[in-house]
Amino acid sequence: MTDAAFDVAVIGGGVVGCAVLRGFALAGARAVLLERDGDLLAGASKGNSGLLHTGFDAEPGSLEAECVREGQREYRAIRGRLNLPLLQSGAIVVAWTADELAALPAILARARENGVPDAAPLSREAVLAREPHLSPALLGGVWVPDEAIIDPWSAPLAYAMQAIANGAEIRRRAEVRGGRLEGGVWQLDTAAGPVSARVAVNCAGNYGDLVEAIARNSPFRIRPRKGQFVVFDKTAHRLLSAIVVPVPSARTKGVVLARTAFGNLLVGPTAEYQEDRSLATIEQPALERLVAHGRRILPALAEHPVTAAFAGLRPATERKDYCIEAVPDRRWISVAGIRSTGLSGALGIARHVRALHEVHFGALRDLADPVWPRVPNLAEHAARAYQEAGRSAIVCHCELVTQAEIATALDGPLGAATLGGLRRRTRCMLGRCQGFYCSRRIIELADGRLPGLLAA
Amino acid sequence: MIHDAVIVGAGPAGLAAAAALRQGGNGDVVVVERDAAPGGVPRWCAHPGFGLRDCHRPMTGPAYAAALVRRARGIDMRLDTTVLALEPGGRLRISTPAGLETIAGRAVLLASGIRETPRAARLVSGTRPWGVTTTGAFQEIVQATGRAPFRRPLIVGSEFVSFSNLLAARHAGVRPVALIEVAAAPLVPWPVPLLARLLGGARLLTRTTLAEIRGAERVEAVVLRGPEGERVLACDGVIFSGAFVPEAVLARAGALRIDPGTAGPTIDQFWRCSDPACFAAGNVLRAVESAGRSAAEGRAAAAAMIRALRGDLPPPEPAVPLRAEGRLRYAMPQRLIAEDAMVTVHARAALPGRGVLRLLADGVPVASRRVHARTGALLSIRIHAARLRGCTALAAVLE
């Protein structure tokens, strides 16, 4: 049994788990990722705003500030080799009231403290010159040039793919139900059979405290915080250049307006606490408020229809900062409370987790010559498959997804295993018609590969 | 390469226009269709109700689509070709199997049809499981596979397509649990609801809305809100039917003027859009008319395009703007050009009822007509376009 033991078992296949798995794989560890759902990115990482933050507004000196700074730096450094997109839009923190205007100097000061020195004040006129479609009711802003837009799913999938390409394993439908630490080795009981590992890393997101209880009394409690989003049609993409961020309140970063990597315009998130850990419902009144909010800030949005609405659950704890620590006597590392900056911070978190491993559980040695798989590009501003000569048939017309892209997404060691997984790998069915034109073709191509598309 | 005419969409309007253009002596016509086969939406409507207008016999949708395709045989049909952008002056950026290209037409016809409003754009509350679809997608799945994504769906809406849905459902052994309608009565007149009940066994619940969708992986139940409050109904799917919208993104993303009342491009009586190189016909103009009417519009637009190619259409300016007022949802054409010919203005009422439909030129009545607007019924009124000379604004009013 010990011979078969992994060096590390990562529990949870969200963006953080995928990045942590990659970190261990590139550090030469024999690592396995255990995901409860049929596919990766099915929990908190399913629905987010797709932004690469600089951490300009993080709590100075916090672990979150450090991980976001490191994470976005590494993303920029490796994205070329993994074929990951970056839309360098910049962000503007916009003040709409006198109180918010008065808060801008503190935001600038905090940005400098967080090592984001390019942040600069903008007059009302300067904001409107950059963003002529914004409501003229604004009073001023802060320009943060390094904030950027990325593809929320390709990044973690690329981390997972690179981990696999360098020897890691990923097991889906492998919920961890319990475990025992025996002779320095975790015997984890999973829905896909037993798994042994010398160190376990809890990256279980919204289930973080439940998984933590396998190792110890959880020092944190997850209280999922729901964020709902409305996505406007691609025709609205041109209304905005920068990410428009409100002046944050004590409770939330507030509702953002941003372009998406897929060429839409997004408004969200809301912030609502809920008990349910898995189901993020959308609610008509909240969506209508988001639509109204978007149209107040960007009046021309009134002429653009809504394409989609979604909700994500962020794994918040009672603390503001990330809860990341090693529990040496339990051979366990907790990675919890990654509540809203997981996509930006994931690679930084992975570095931090690796460092904790080296301190408490032994040194690791980087692979001399790691493999760098390239993932298919889904971002609108870079070359896509439908533009190529000799392309296969376009299956999803709204998002311009080709048959070959669907086939690729269903194939390989990390092929889509659920319809949601297929959507996240290709963008199919995410467009304005939401499957009116493409459901039949998608079903024809995926029936037998994905469960439950047609009734028995 | 500049063609005489480029037609976007090989549905009823586009195919009929292509055939009419050729018949009129304009052979250099290209039809661009993003699907792998021509025919448009009727291909998937395996029920009667097609063909009476132009084939003079009752046909099913697929038979009617095939007839339109036959009439357009020999025309340069570019299938699996997607228009990415409509540029001013009749230029189109397209994605073809051979790569990206630009083509241009001296006259371009936008005939890209319609689709239904999906759940997302309706902002319906709840989870987002598999099993939530639209009539169009459902019919296509059943036609192609003989199977359905669910067994006991709820159908939202009682437009005609909702009932064709029930017919399609029967083919796949699907028994809808209910059909709900927000209005006090179904939107199609008796005896269709009765027929639906006999055929499919679904109950029709009026004054009822869908409050919430429940279920994790798949639909498990819905919450309905009706006159007696809320109740939970178990089901395994939801079909959103009707609430059609023009598939007019090319017009919206290009620089064509859009009528907020129709959500489609504005036209003059020659089917000409705000860019005079571009024409539009069929359901891209507004939701929703029959396939037969769309085809007739395609033929009428083709006649105007033939005139345009000969250079004998009146110039696009000056045009008199037409506004819909009062109880009208929209009126079209949205621009009228004075000429010595009769023009027909079409309008739809927001609510059913009797009334008088009037046309006012600069506030002065120039035509009026008693009408009985059934739900969704198309109203029409004719005037002589010579009366528009010197006029600055035209209003259509239902009183």
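Predicted model: local features only at pLDDT ≥ 70, side-chain atom pairs only at ≥ 80, totals over all residues.
Residues are numbered from 1 along each chain as written, chains are lettered from A in the order written, and side-chain values use heavy atoms, leaving out hydrogens and water.

Let's start with the interface. Chain A puts 47 residues into the contact and chain B 49 residues, with contact meaning heavy atoms within 4.5 Å. Together the two chains bury about 4000 Å², 56% of it on carbon and sulfur atoms; that is accessible area (1.4 Å probe) lost on being put together, summed over both. On the chain A side, F436(A), Y437(A) and R440(A) lose the most area to chain B.

The rule finds four salt bridges across the interface, each a side-chain nitrogen of Lys or Arg within 4 Å of a carboxyl oxygen of Asp or Glu. One of them joins D447(A) and R147(B), with the closest N and O atoms 3.6 Å apart.

| Feature of α5(A) | Value |
|---|---|
| Residues | 154–165, twelve residues |
| First to last C-alpha | 16 Å |

Ten of its twelve residues are buried, so α5(A) is largely enclosed by the rest of the structure; buried means under 20% relative accessible area (1.4 Å probe, protein chains only). Its cover includes α1 (15–26) and α2 (63–82) of chain A. Just after α5(A), G167(A) has a positive phi of about 105°.

How values were computed:
Helix = DSSP H or I, 4+ residues; strand = E, 2+ residues; numbered from the N terminus. Expected span 1.5 Å × (residues − 1). Buried < 20%, exposed > 50% of the residue type's maximum accessible area, 1.4 Å probe, protein only.
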